[in-house]
Amino acid sequence: MHLPRTIELTGDARAALATVLGIMSDQVLGGEGAPRWELEDLMMVEMRFGITLGVDDVGGGGDDVTEVTVGMGDVALLLDGVAYTEMMSADLPWIDMVRWTADFITAELRGHWTDAEWQEFAASGG
C-alpha cells in the first residue's frame, strides 16, 4: 500500500515545483506534442502541494515552511515533469543547473518512499 506522506516544503521548494508545474501546464495548453499529462491532474497537484502559480513561481518563496500531504502519484507526476524539463533543456547553456535542480528535486521528493515502494508502485501501473 502506498500511503500518502507529509512533506515539509520551504517557499523556495514550492517556487521550484511551481516552475516545473508551469512548464508542464504550458506543454498541455500548447497542445503541440504535449506529454501525457492532463491539466486537471496538474491543478490537483498544485492544490495538494499548496502551490499558487504566479505567486510561488515569482522570485522564490523564502524560508517559510509548509507541510503538505501527498501521494506517490502526485510525486510521480512531478518527477515526470522534472524529467521532461531536463530532456527539453539539453541544448540550453544552463543545462548543468537544470540537471542539478532535477537531481535535487528527484532525491527530495522520491526519498519519502522506499525503493521497494517505488518498484511496487511502478509494477502496479502507478
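1. Let's start with Phe104, which counts as partly exposed because its relative accessibility is 43% (buried is under 20%, exposed over 50%, partly exposed in between, with a 1.4 Å probe and protein chains only). Phe104 belongs to helix H4, which covers residues 95–110. Please keep in mind that this is a predicted model, in which local features need pLDDT of at least 70 and side-chain atom pairs pLDDT 80 or more, while totals for chains, interfaces and linings use all residues. Residues are numbered from 1 along each chain as its sequence is written, and side-chain values use heavy atoms, without hydrogens and water.

2. The chain has five helices and two strands (DSSP runs numbered from the N terminus: H or I of at least four residues for helices, E of at least two for strands). Followed along the sequence, these elements come in the order β-α-α-β-α-α-α.

3. How much of the chain counts as buried? The figure is 35% of the 126 residues. The accessible surface of the chain is about 7300 Å², and carbon and sulfur atoms account for 55% of that surface (Shrake-Rupley method, 1.4 Å probe).

4. If you take the contacts between residues at least 6 apart in sequence, 78% of them join residues at least 24 apart (contact means heavy atoms within 4.5 Å).

5. Back to Phe104, this time for the pocket. The largest pocket holds about 270 Å³ of space, and its lining is made by 16 residues. Strand E1 (5–10), H1 and H4 are the elements that each give two or more residues to this lining. Leu9, Ala13, Phe104, Ile105 and Glu108 are the lining residues nearest the centre of the pocket. Which element gives the most to the lining? H4 does, with six residues. (A pocket is an open set of 1 Å grid points where a 1.4 Å probe fits, with protein on both sides within 12 Å along at least five of seven lines, and lining residues have an atom within 4 Å of a point; the volume is that of probe spheres set on the points.)

6. Now to the charged pairs: there are five salt bridges in the structure (a side-chain nitrogen of Lys or Arg within 4 Å of a carboxyl oxygen of Asp or Glu). One of them joins Arg5 and Glu117, with 2.9 Å from N to O. Since Arg5 sits in strand E1 and Glu117 in helix H5 (residues 115–123), this pair ties together parts that lie 112 residues apart in sequence.

7. Are Arg5 and Glu117 buried or partly exposed? Arg5 counts as partly exposed because its relative accessibility is 21%. Glu117 has a relative accessible area of 17%, so Glu117 is buried.

8. The bridge between the side chains of Asp74 and Arg48 also has an N to O distance of 2.9 Å. Here the distant parts of the chain are helix H3, with Asp74, and helix H2 (residues 39–49), with Arg48, and the two residues are 26 apart. Asp74 counts as buried because its relative accessibility is 8%, whereas Arg48, with a relative accessible area of 33%, is partly exposed.

9. Asp74 lies in H3, the helix of residues 72–88. Which residues does Asp74 contact, leaving aside its neighbours within four places in sequence? They are Val45, Arg48 and Phe49, and Arg48 is also the salt-bridge partner of Asp74.

10. Glu86 and Arg99 make another salt bridge, with their closest N and O atoms 4.0 Å apart. Glu86 is in helix H3 and Arg99 in helix H4, so the pair links distant parts of the chain, 13 residues apart. Both residues count as partly exposed, because Glu86 has 23% relative accessibility and Arg99 has 36%. Through salt bridges that share partners, Glu86, Asp96 and Arg99 form one network.

11. Lastly, a word on Thr19, which is part of helix H1 (residues 11–30). Its relative accessible area is 40%, so Thr19 is partly exposed.
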